[in-house]
Amino acid sequence: MELAVICQKALTVVHTVAQFIEQSVGAVTEQAIEEKSLNSLVSYVDRTAEERLVDGLGALLPAATFLTEEATVTQGEGSLRWIIDPLDGTTNFLHQLPVFSISVALERNGELVLGIVHEINQQESFYAWKNGGAFLNGSPIQVSQRRELSHTLLATGFPYYDYDRMQGYLNVLAHFMQHTRGLRRMGSAAVDLAYVACGRFDGFFEYSLNAWDVAGGIVLVQEAGGQLSDFQGGSDYLFGQSIIASNTAIHASMLAPIQKHFL
């Protein structure tokens, strides 16, 4: 299986679905919005986008199974599996805040080997495959080279349903507010990871995420020369619901205050 070829074909599928999402901005009525759980919104746009991604990607690799956010297809495991978030940043999309994306990853024998994050509003396609490097619209990208935490710009996501650890999270924010150039909250973890991969952000951290939120971005950061861990400093960042992504120089400086205040 030639990952570079699969990636280019998958990008074509993603771009087609992105056009549908872009054309749907502002078209979803309040009555058409559903709340899956507290502050977790979905509309027919998410589901239709997912169905189209599943159809297109399924045609590329008929043997592959799927793990998808909206579960519009049978969820399964296997030697090949697509992990899909059809619209990462749904709340942004519904409020017409122009930061939302499609995230796609391919898992082979339990290892992530291909990742795509397409930011729809800027028409920026971030993509990478194992040992192939990471790219933005055809140009190679890499993580930032900043070595001092005080010189960095970090990204995070605010908890919107899991409030049990709120105070610890606020303590972490207070630390980084005082020891970095700033914090940003974009509203799409996939975009945050893509921006780490291309050096716009020096680091990103968040908890209570799902695999489809981060799978595509994980491959981007890995292939762009970055470092990843969960909040414990381990490697359970795909399914463990916590992730730190950064360049290698500042990772320890991000991990230490998170472990001190949050765990």
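**Salt bridges and helix packing**

Tutor: Arginine 81 and glutamate 107 join their side chains in a salt bridge, with N and O 2.9 Å apart. A salt bridge here is a side-chain nitrogen of Lys or Arg within 4 Å of a carboxyl oxygen of Asp or Glu. The pair connects distant parts of the chain, since arginine 81 belongs to strand 4 (residues 80-88) and glutamate 107 to strand 5 (residues 101-108), 26 residues apart. Helices (H or I, at least four residues) and strands (E, at least two) are DSSP runs, numbered from the N terminus. Arginine 81 is buried at 10% relative accessible area, and glutamate 107 is buried at 7%. Buried means under 20% relative accessible area, exposed over 50%, and partly exposed in between, with a 1.4 Å probe and protein chains only.

The model is predicted: local features need pLDDT of at least 70, side-chain atom pairs count only at pLDDT 80 or more, and totals for chains, interfaces and linings use all residues. Residues are numbered from 1 along each chain as its sequence is written, and side-chain values use heavy atoms, with hydrogens and water left out.

By the rule above, the count is four salt bridges. Another of them pairs lysine 130 with glutamate 111, the closest N and O atoms being 2.9 Å apart. Lysine 130 sits in the loop between strand 7 (124-129) and strand 8 (133-136), while glutamate 111 is in strand 6 (residues 111-119), so this bridge ties together parts 19 residues apart in sequence. Lysine 130 is partly exposed, at 31%, and glutamate 111 is partly exposed, at 35%.

Aspartate 202 and arginine 146 also form a salt bridge, and their closest N and O atoms are 2.9 Å apart. This pair, too, links distant parts of the chain: aspartate 202 is in the loop between helix 5 and strand 12 (203-207), and arginine 146 is in the loop between strand 9 (139-141) and strand 10 (153-156), 56 residues apart. Aspartate 202 is buried, with a relative accessible area of 1%, whereas arginine 146 is partly exposed at 34%.

Helix 5 (residues 189-197) packs with helix 6 (residues 211-223) at an angle of about 5°, their axes 8 Å apart. Helix 5 is therefore roughly parallel to helix 6. Angles under 35 degrees count as roughly parallel, over 145 as roughly antiparallel, 65 to 115 as roughly perpendicular and the rest as oblique. Axes are lines fitted to C-alpha atoms, for helices over the stretch in contact, and angles run from 0 to 180 degrees between N-to-C directions. Helix 5 makes the contact through residues including Leu193 and Val196, and helix 6 through residues including Ile218 and Leu220; contact means heavy atoms within 4.5 Å.

Helix 1 (residues 3-23) and helix 2 (residues 44-60) have axes that come within 10 Å and cross at roughly 155°. Helix 1 is therefore roughly antiparallel to helix 2. Among the residues that meet are Val13 and Phe20 in helix 1, and Leu53 and Leu57 in helix 2.

Finally, helix 7 (residues 251-261) has His251, Met254, Leu255, Pro257 and Ile258 as its buried residues. These buried residues pack against strand 10, helix 4 (166-179), strand 12, strand 13 (227-229) and strand 14 (242-246).
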